[in-house]
Amino acid sequence: PLLLFWIANASAATINAASCSQADVQTAINKAVTGGIVAVPAGSCTWDAPAAIPNTKKITLQGAGVDSTIITKKTLDPVNWEVISLSQSGSRVTGFQFVNGTVVVDGDGWRIDHCKFYRANDGAVGVYVRGNRSNAHPTGLIDHCYFYNTRVVVFGWAGLVAHSFWAQPLNLGSSYAVYVEDNTFERTVFGNVMDANYGGRYVFRYNTITDGTIEAHSVQGNHRATRSWEIYN
């Protein structure tokens with residue numbers, strides 16, 4: 001039993017990325033197994049392409065801290081803003097600063113925490129929860145992050161119509177939502193810090209906001225509106 005225990009833990013060991021470059025981080029992700037940690041060292045790196053965690057592995061992608069591991073998206077291309085993709089892996093991202101980049105996530109059981117999302121002079125999406133399942137809303141947690149001119153956006157289903165979500169129970173007070181809590185939002189450019197649409201569900205609580213708004217979008221054409229929003233404290 002002791003040998004089996006050791007093997008199980010060894011297989012989920014920490015993989016140390018050689019640097020904070022996109023290539024080294026992706027290489028470390030590819031080597032990692034479910035339950036493992038990919039540790040990214042301190043440094044400032046500029047990425048052309050995102051790093052992606054596949055659906056088949058649930059890992060922790062861990063930087064050295066928001067002022068230590070800084071990832072900058074090279075170009076402000078509105079079509080190619082993604083810097084990290086968690087897919088539907090249920091993984092965790094923690095300890096990074098992202099400049100001009102967006103973390104994109106779907107699925108269940110994921111967490112994005114203790115990160116900084118920074119945009120200098122215009123508003124942008126810091127975390128984009130983009131549901132790709134027509135009958136199951138993403139569920140996860142965004143906590144203890146700092147958003148500067150950036151925001152959280154929740155799409156229930158990127159197929160947009162989202163009729164099936166409106167046929168489901170409202171389930172207020174349940175875990176069937178995206179939870180955004182214990183974060184700090186600061187804006188110098190007018191805009192929202194939280195928004196949703198297309199059957200999106202969110203709980204926004206225990207956050208601190210300076211010069212920002214909270215929104216829940218309504219019906220747009222044939223596409224369904226935000227399904228539920230709970231805002232308190």
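In this predicted model, the torsion about the S-S bond of Cys-20 and Cys-45 is about 85°, so the disulfide between them is right-handed. The two sulfur atoms lie 1.9 Å from each other, and this is the one disulfide that the structure holds. The pair links distant parts of the chain, 25 residues apart, since Cys-20 sits in the loop between strand 1 (14-16) and helix 2 (22-31), while Cys-45 belongs to strand 3 (residues 43-47). Both Cys-20 and Cys-45 are buried.

Cys-115 takes part in no disulfide, and the nearest cysteine sulfur to its own, that of Cys-145, is 5.0 Å away; a disulfide requires the two sulfur atoms to be within 2.5 Å. Cys-145 is likewise in no disulfide, its nearest cysteine sulfur being that of Cys-115. Cys-115 is buried, with a relative accessible area of 2%, and Cys-145, at 3% relative accessibility, also counts as buried.

Strand 16 runs parallel to strand 13 (residues 124-130), and six bridges join the two. Strand 16 also runs parallel to strand 19 (residues 192-197), to which four bridges join it.

How values were computed. Residues numbered from 1 in each chain as written. Predicted model: local features only at pLDDT ≥ 70, side-chain atom pairs only at ≥ 80, totals over all residues. Heavy atoms only, no water. Pairing = 2+ DSSP bridges. Buried < 20%, exposed > 50% of the residue type's maximum accessible area, 1.4 Å probe, protein only.
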